[in-house]
Amino acid sequence: MAETLINFQPLIIAFLGGLLPSLVWLWFWQRQDRECPEPTGLIVLSFVAGMVVVYFVFPLQKLVYGAMPYIAPLVNNLVGQFSTFIIPSDTIQITLWSFIEEFAKYATVFFIAFKSRHFNEPVDAIVYMLTAALGFTAMENTLYILKDLAQSGTIDTVLNSDLRFIGATIVHTISSALVGIALALSFYAPRFIKLFAVIIGVASATLLNAYFNLTIMSTNGTLSTLQVFSRFWIAMVVVIIL
């Protein structure tokens, strides 16, 4: 029995470390929608679907990683038609990875919530996008914590998970909020305007996600990391106001 508990301990730590921060954020955003709340079942389904879609995203990102020797020259050949600027391979890879994540979160909400009769007011787009994003972050953080537990001690893992809570959770929340805001603003518009809003929203979210990841990769030390996070805290305040 004791051996079983020891074996399950990393799973419990990873699950709680990944899930609890997202549940805190979900509670906060649901409080903003308390005057006209969405059905609990649909919120839970959107959250769980956001968690599940991670398992589709990771293989696609691995596929992009393996294909980078072909993708990078192709992209730079296309860019070369208009400019002499060379885009680094890392930038192309991170941007494609970010696009896969942002489009996956949008597609999840599109098929689960946007087709529901409960999707009946502009703010619903933001609520469901945030919910799916938090589910996505919960599972992503859980998997990262499991990886950290396998490579280092518990103390290091807790510190790393705290930074992911501050950073990755916020950037996923903001990026999905951008998509939700774009959809909310075009809620009553014709279909082609809605399509344009989706393109703008997903593109903006992709660039934000890629910017965060590329910036955080170049930081050195806790102070530099917190300086990067501070920009996103400001963005979060703007999202809350919107």
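Guide: Start with a definition. A residue is buried under 20% relative accessible area, exposed over 50%, and partly exposed in between. Keep in mind that this is a predicted model.

Now turn to helix α4, which covers residues 89-112. Find Phe103 first. Its relative accessible area is 42%, so Phe103 is partly exposed. Next, find Tyr106. Here the relative accessible area is 11%, so Tyr106 is buried.

These two residues belong together. Phe103 and Tyr106 sit three residues apart in α4, which means that about one helical turn separates them. A pair of aromatic rings is described by the distance of the centres and the angle of the planes. For Phe103 and Tyr106, the centres are 6.4 Å apart and the planes are at 50 degrees. Rings pair if their centres lie within 6.5 Å, and planes count as stacked under 30 degrees and edge-to-face over 60. The pair of Phe103 and Tyr106 is therefore tilted.

Move along to Phe110 and Phe111. Their ring centres are 5.1 Å apart, and their planes are at 85 degrees, so this pair is edge-to-face. Phe110 has 26% relative accessibility and counts as partly exposed. Phe111 is exposed, at 62% relative accessible area.

Now widen the view. The structure holds eight aromatic pairs. Phe103, Tyr106, Phe110 and Phe111 are among the members of one aromatic cluster. That cluster also includes Phe99, Phe114, Phe119, Phe187 and Tyr188.

The partner of α4 is helix α7, residues 168-185. The two helices pack at an angle of about 55 degrees, and their axes are 11 Å apart. That angle makes α4 oblique to α7. The crossing of α4 and α7 is right-handed.

Note on methods. Residues numbered from 1 in each chain as written. Predicted model: local features only at pLDDT ≥ 70, side-chain atom pairs only at ≥ 80, totals over all residues. Heavy atoms only, no water. Axes fitted to C-alpha atoms, helices over the stretch in contact; angles between N-to-C directions. Helix = DSSP H or I, 4+ residues; strand = E, 2+ residues; numbered from the N terminus. Parallel < 35°, antiparallel > 145°, perpendicular 65-115°, else oblique. Left-handed = near helix turned anticlockwise from the far one by under 90°. Phe/Tyr/Trp six-rings, centres within 6.5 Å; stacked < 30°, edge-to-face > 60°. Buried < 20%, exposed > 50% of the residue type's maximum accessible area, 1.4 Å probe, protein only.
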